[in-house]
Amino acid sequence: MSRHTRTVGSDDNGTAAGAQAPAPSARPRRRGAAGATLGRLSVRTLHVLLLPVLLIGVYAYASATSDSYYTPTPDLIAAAFVELWFSERFFVDVLPSIARLLTGFTVAAVIGVGLGVLLGLSSRTRALLEPVLEFLRAIPPPVLVPLMILLAGIDDSMKVMVIISGCVWPVLLNTVEGVRAVDPVLADTARCYGITGTTRLRVLVLRSASPQIMAGLRLALALAIILMVISEMFASSSGLGFAIVQFQRTFAIPEMWAGMVLLGLIGFALSALFELAEGRVLGWYRGLRAANRGE
């Protein structure tokens with residue numbers, strides 16, 4: 001009996017030990033998940049940085065083998081960048097430019113979405129205003145700079161008006177098309193349930209049109225950067241556009257390149273922030289598309 005008891009006991013202990021054996025494997029799993037996350041981040045970082053690094057390398061080789069004064073080497077551009085934008089010029093030129101850009105973009109977004117919803121919901125209003133809007137849309141915004149100077153002077157209001165005059169159109173047109181493309185079945189369902197007024201506008205119309213509205217806003221953001229620079233090149237005493245033109249006129253070539261690099265970095269940062277906001281606004285839409293694709 002004792003031998004049998006020991007055998008059973010040893011089997012029980014072995015079974016208990018076998019039942020507890022998987023417990024230590026929890027740590028390697030967590031480590032494996034953390035390693036996979038780090039691996040994905042590393043691959044994504046590599047994808048983001050690979051092309052810029054290659055382009056910088058190609059430019060460094062081209063500038064090192066060139067005798068042209070107008071293609072300074074990357075180290076000269078980097079030195080000029082640090083000297084310029086890590087000084088008081090950041091507050092004199094960069095911050096005012098960003099403030100004008102964001103102000104013009106915000107006002108253009110409000111006007112474009114508001115007027116776009118009105119035109120999208122009312123076919124009569126759209127038919128009445130469409131010829132005038134098409135005429136105004138055909139005028140390039142840079143051509144309006146002299147007129148804006150006459151009407152608003154040479155202060156910040158002129159520069160903001162130039163940005164608005166160009167950024168409002170992609171938002172307006174995309175909003176109109178998005179509102180007109182609201183699913184009629186959803187519209188009838190909302191009507192049957194008595195969803196009207198601002199609730200219908202917020203829940204049905206703006207939600208259905210939000211993918212195209214965000215597409216218009218993305219285009220408007222890219223235009224805002226261009227128009228910000230153009231507006232600052234005329235009758236201005238500060239701003240990135242003014243600084244770049246002054247560097248070009250005084251043959252400060254590394255400084256000119258440093259200004260263009262800063263513009264690219266600002267555009268990249270704004271695009272990344274917009275993508276985060278877009279992900280929050282269109283989370284439902286991307287999830288719906290993924291479900292339809294079976295992902």
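Analyst: Start with L55. L55 is exposed, because its relative accessible area is 54% and the cut-off for exposed is over 50%. This is a predicted model, so every value here is computed from predicted coordinates. L55 sits in helix α2. L55 belongs to a nonpolar surface patch, together with L46, L50, L51 and L54. The accessible area of these residues together is about 500 Å².

Helix α2 spans residues 26-64 and also supplies at least two residues to the lining of the largest pocket. The pocket holds about 290 Å³ of space. Its lining includes P52, I56 and Y59. P74, I77, A78 and F81 line the pocket too, as do W257, V261 and L265. Helix α3 gives the most to this lining, with 4 residues. The lining counts 10 nonpolar residues, no polar and no charged.

The phi of F251 is near 60°, a positive value in a residue other than glycine. F251 is partly exposed, with a relative accessible area of 47%.

The protein has 12 helices and 0 strands. Of its 295 residues, 32% are buried.

Charged contacts come next. The whole structure has 8 salt bridges. One of them joins the side chains of R100 and D156, at 3.0 Å from N to O. This pair links distant parts of the chain: R100 lies in α4 (residues 89-121), D156 in α7 (residues 156-180), 56 residues apart. R100 counts as buried because its relative accessibility is 5%, whereas buried requires under 20%. D156 is partly exposed, at 40%.

Other bridges stay within one helix. R180 and E177 meet at 3.9 Å, N to O. They are 3 residues apart in α7, so about one helical turn separates them. R180 is partly exposed at 47%, and E177 is partly exposed at 41%. R191 and D188 meet at 2.6 Å, N to O. These two are also 3 residues apart, in α8 (residues 184-192), so about one helical turn lies between them. R191 is exposed at 52%, while D188 is partly exposed at 40%. Elsewhere, salt bridges with shared partners join R100, D156 and E232 into one network.

Note on methods:
Residues are numbered from 1 along each chain as its sequence is written. This is a predicted model: local features need pLDDT of at least 70, side-chain atom pairs count only at pLDDT 80 or more; totals for chains, interfaces and linings use all residues. Side-chain values use heavy atoms; hydrogens and water are left out. On a 1 Å grid over the protein atoms alone, a cavity is a set of points where a 1.4 Å probe fits but cannot get out, and a pocket is an open set with protein on both sides within 12 Å along at least five of seven lines; lining residues have an atom within 4 Å of a point. Grid points are joined across faces, edges and corners, and a volume is the space filled by probe spheres set on the points. Ala, Val, Leu, Ile, Met, Phe, Trp, Tyr, Cys and Pro count as nonpolar, Asp, Glu, Lys and Arg as charged, and the others, Gly among them, as polar. Patches are made of residues with over 30% relative accessible area and no salt bridge: like charges are joined within 9 Å, nonpolar side chains (Val, Leu, Ile, Met, Phe, Trp, Tyr) within 5 Å. Accessible areas come from the Shrake-Rupley method with a 1.4 Å probe; for residues, only the protein chains shown count as cover. A salt bridge is a side-chain nitrogen of Lys or Arg within 4 Å of a carboxyl oxygen of Asp or Glu. Buried means under 20% relative accessible area, exposed over 50%, partly exposed in between (1.4 Å probe, protein chains only).
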